[in-house]
Amino acid sequence: MPKLSAGVLLYRVRDGVVEVLIAHPGGPFWARKDDGAWSIPKGEYADDEDPWAAAQREFAEELGLPTPTGPRLDLGALKQPGGKVVTAFAVRGDLDITGAHSNTFELEWPKGSGRIREFPEVDRVEWLPVARARDKLLKGQRAYLDVLMAQPELAGYTEGA
């Protein structure tokens with residue numbers, strides 16, 4: 001059985017351009033990676049858990065902010081290259097991310113040193129035009145941008161530059 005993960009792709013429209021909120025993973029493995037390393041705020045959940053509830057919980061853990069209220073769009077489930085299945089939901093909202101802060105995890109670092117260090121699960125979040133987010137997102141999550149942009153309510157808006 002593959003691992004399950006759920007997340008929220010928050011979006012807004014600014015000057016006719018659709019922007020999405022994405023997160024850069026924290027910790028030493030991702031410190032020097034940028035393009036193709038970002039993700040929608042998401043996390044794992046159990047088989048018997050509601051994916052929407054898990055997505056909201058994970059959003060709050062990774063940003064330290066609640067998921068904005070509003071209609072949600074089911075973007076579907078995608079199998080990632082590593083085998084994990086990610087279910088994503090989109091919510092329209094203009095969230096102020098000034099005070100965003102992530103939960104943390106512990107890791108032996110450097111590996112084999114015996115030193116346990118604490119790292120943020122997410123080290124930064126940004127609003128990006130969809131066109132820029134396509135470069136930043138993990139390859140397995142880019143299709144969510146296509147599903148979002150195909151929504152009738154976004155007809156006439158652009159992905160930006």
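**Stop one: arginine 124**

Select arginine 124, which has its place in strand E8 (residues 122-129); strands here are DSSP runs of E of at least two residues, helices are runs of H or I of at least four, and both are numbered from the N terminus. This is a predicted model, in which local features need pLDDT of at least 70 and side-chain atom pairs count only at pLDDT 80 or more, while totals for chains, interfaces and linings use all residues. Residues are numbered from 1 along each chain as its sequence is written, and side-chain values use heavy atoms, with hydrogens and water left out.

Arginine 124 has a relative accessible area of 34%, so it is partly exposed (buried is under 20%, exposed over 50%, partly exposed in between, with a 1.4 Å probe and protein chains only).

**Stop two: the aromatic pairs**

The whole structure holds 3 aromatic pairs (ring centres of Phe, Tyr or Trp, the last by its six-membered ring, within 6.5 Å; planes under 30 degrees apart are stacked, over 60 edge-to-face, the rest tilted). Select phenylalanine 29 and tryptophan 109: their ring centres are 5.5 Å apart and their planes stand at 80°, so this pair is edge-to-face. Because phenylalanine 29 is in the loop between E2 and E3 and tryptophan 109 in the loop between strand E6 (104-108) and strand E7 (116-120), the pair ties together parts 80 residues apart in sequence. Tryptophan 109 is partly exposed, at 25% relative accessibility.

Next, select phenylalanine 105 and phenylalanine 119, a tilted pair with centres 5.9 Å apart and planes at 35°. Phenylalanine 105 belongs to strand E6 and phenylalanine 119 to strand E7, 14 residues apart. Which of the two is buried? Phenylalanine 119 is, with a relative accessible area of 10%, whereas phenylalanine 105 is partly exposed at 28%.

**Stop three: the largest pocket**

Select Pro25, Ser39, Lys42, Glu62 and Glu121, which lie nearest the centre of the largest pocket among its 18 lining residues. Strand E2 (17-25) and strand E3 (42-45) each supply at least two residues of that lining.

**Last stop: residues 1-150**

Finally, select residues 1-150, where UniProt places "domain: Nudix hydrolase" (unreviewed entry); such annotations may be inferred rather than shown by experiment. The end C-alpha atoms of this span lie 31 Å apart, and the span is 18% helix and 39% strand.

Technical notes. 1 Å grid on protein atoms, 1.4 Å probe; cavity = no way out; pocket = protein on both sides within 12 Å on 5 of 7 lines; lining within 4 Å.
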